Amino acid sequence: MPTTTRASIIRQSPGEYETVTLELDDPKKGEVQVKMAASGLCHSDDHLQTGDLQVMTYPFCGGHEGSGVITKVGPDTPGFEVGDHVVFSFVPSCGQCSACRRGDFNLCDKGALLLVGSRADDAEDFRMKLDGQNVGQMCGISTFSEYTTADVASVIKIDKDIPLKSAALVGCGVPTGFGTAVKAGGVKPGDVVIVMGIGGIGINAVQGAAHAGATRVIAVDPTPFKREMAQEFGATDVFENMEQATEFAQSITEGQGADVALVTVGVLEADHPAQALASIRKGGTVVVTGLGKMTELTPISAFDLTLMQKRLQGAIIGAQSPHSDIPKLLRMYQAGQLKLDELITKEYTLDQVTEAYEDMHEGKNIRGVIVFDD
């Protein structure tokens with residue numbers, strides 16, 4: 001029998017989130033059902049409200065960063081039990097497709113239907129319903145729901161001693177930002193790094209760059225609160241804009257520029273990658289992690305890219321391998337090497353999703369978190 005769950009959905013894009021009651025399928029083979037404990041309010045879900053991100057199914061239930069406790073396990077689904085504590089990865093990793101076999105677990109083929117919101121193996125099969133109508137699940141998990149059913153390829157068991165509220169953040173913001181610096185950006189000891197945009201992703205890019213041994217971590221954001229927070233997470237220098245940051249990076253590198261620039265802005269605009277490319281040295285690297293309009297094109301200098309041998313790199317979940325790297329990040333947290341608790345600026349209820357994103361737009365949040373009732 002389906003489970004009834006309260007959830008936050010969007011009926012169209014642009015639009016606003018609203019709380020409704022949905023019917024949720026029991027788990028099938030290879031699936032589990034989870035009672036949510038907490039969900040991060042990532043900027044990507046706000047892109048649905050603004051229309052920057054378009055999905056294939058409406059209504060659509062948001063949320064892709066969360067944690068909870070397993071309440072049901074599908075038949076023939078070994079390795080999971082009722083009562084297990086889990087976090088979700090917004091990109092699945094099946095371990096069997098061509099991408100997974102070559103080690104690109106974050107590019108798993110099971111991600112093909114994430115913006116359809118259906119089960120990964122059938123674009124017509126949906127786990128959520130509203131009055132008999134299909135409801136898409138954000139990234140196949142939809143953490144803006146009291147209960148959710150998901151494929152185990154998107155589910156990672158964690159130590160029960162780890163607070164679920166903090167653990168929720170390793171589903172997206174933490175690995176995406178940390179990996180943007182450490183894996184996709186390849187930051188090395190002694191590097192000069194620019195982090196462009198200090199939100200839920202950028203603050204963790206700062207953490208990652210500092211952890212990797214960067215001598216200077218230059219944080220760029222127009223909001224004073226975010227610049228202040230960046231310093232608490234490892235930034236050595238802060239600036240309001242890229243022009244200032246670039247000039248400073250050149251001043252401490254004999255005119256060369258930063259080794260690595262990480263573009264982690266909340267809304268990617270056409271000129272951002274070009275600004276980042278202009279800030280790095282010959283042979284330097286730019287990683288673009290921020291999202292903007294799906295139709296946005298960016299002009300860059302092919303002359304600069306080619307003759308200065310610069311690298312422009314995209315990254316999803318920071319080029320991390322979710323099922324191996326997320327547990328490592330949690331071990332770092334347990335060892336006091338990674339900040340999670342300090343990332344949470346404010347807690348919200350499920351009915352306050354739109355309010356939470358208003359706060360984000362006003363620069364009040366690094367990371368807002370929905371906390372569900374026990």
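Mentor: Start with D25 and R119. Their side chains form a salt bridge, and the closest N and O atoms are 3.3 Å apart. The two residues come from distant parts of the chain, 94 residues apart. D25 sits in the loop between strand 2 and strand 3 (31-40). R119 sits in the loop between helix 2 (98-101) and strand 7. Keep in mind that this is a predicted model.

The cut-off for buried is under 20%. R119 is at 3%, so it counts as buried.

The pair does not stand alone. Salt bridges with shared partners join D25, K28, E31, R119, D125 and R127 into one network. The search of the whole structure gives 21 salt bridges.

Now take K110 and D151. This salt bridge has its closest N and O atoms 2.7 Å apart. K110 is partly exposed at 30% relative accessibility. D151 is buried, at 16%.

R11 is partly exposed, at 43% relative accessibility. E18 is partly exposed as well, with a relative accessible area of 31%.

Strand 2 covers residues 18-24, and it pairs with strand 7 (residues 128-130). The pairing is antiparallel, over 2 bridges. Within it, L24 stands opposite M128 of strand 7. Both strands belong to a closed barrel of 5 strands, which runs 1-2-7-8-4 with mixed pairing.

The contacts of S8 are then Y17, E18, T19, F60, C61, G62, F144, L350 and V353. Strand 1 spans residues 3-10, and S8 lies in it. S8 has 1% relative accessibility, so it counts as buried.

Next, the loops around these strands. In the loop between strand 1 and strand 2 you will find P14. A cis peptide bond joins S13 to P14, with omega about 0 degrees. Another cis bond joins Y58 and P59, again with omega about 0 degrees. P59 has its place in the loop between helix 1 and strand 4 (60-61).

Two backbone angles also deserve a look. D131 is not a glycine, yet its phi is positive, at about 50 degrees. D131 lies in the loop between strand 7 and strand 8 (133-137). D131 is exposed, with a relative accessible area of 79%. C139 is the other case: its phi is near 55 degrees, a positive value in a residue other than glycine. C139 is in the loop between strand 8 and strand 9 (147-151). C139 is buried, with a relative accessible area of 7%.

Last, step back to the domains. Domain 1 takes in 3-170 + 340-371, and domain 2 takes in 175-316. Their centres, taken over C-alpha atoms, are 28 Å apart. In the contact between them, 20 residues of domain 1 meet 19 residues of domain 2. The buried area between the two is about 1600 Å², and carbon and sulfur atoms give 69% of that. D52, L343 and I366 supply 36% of the area that domain 1 buries against domain 2, more than any other three residues.

What crosses the interface of domain 1 and domain 2 in polar contact? There are 5 residue pairs, with both residues at pLDDT 80 or more. Salt bridges across this interface number 0. On the side of domain 1 that touches domain 2, helix 1 (residues 43-50) gives the largest share, 3 residues.

Conventions:
Residues numbered from 1 in each chain as written. Predicted model: local features only at pLDDT ≥ 70, side-chain atom pairs only at ≥ 80, totals over all residues. Heavy atoms only, no water. Helix = DSSP H or I, 4+ residues; strand = E, 2+ residues; numbered from the N terminus. Buried < 20%, exposed > 50% of the residue type's maximum accessible area, 1.4 Å probe, protein only. Contact = heavy atoms within 4.5 Å. Pairing = 2+ DSSP bridges. Domains from an automatic or database assignment. Buried area = accessible area lost by both parts, 1.4 Å probe. Salt bridge = Lys/Arg side-chain N within 4 Å of Asp/Glu carboxyl O. Polar contact = N/O pair within 3.5 Å; in protein donor to acceptor, adjacent residues only side chain to side chain. Lists of a residue's contacts leave out its neighbours within four places in sequence.
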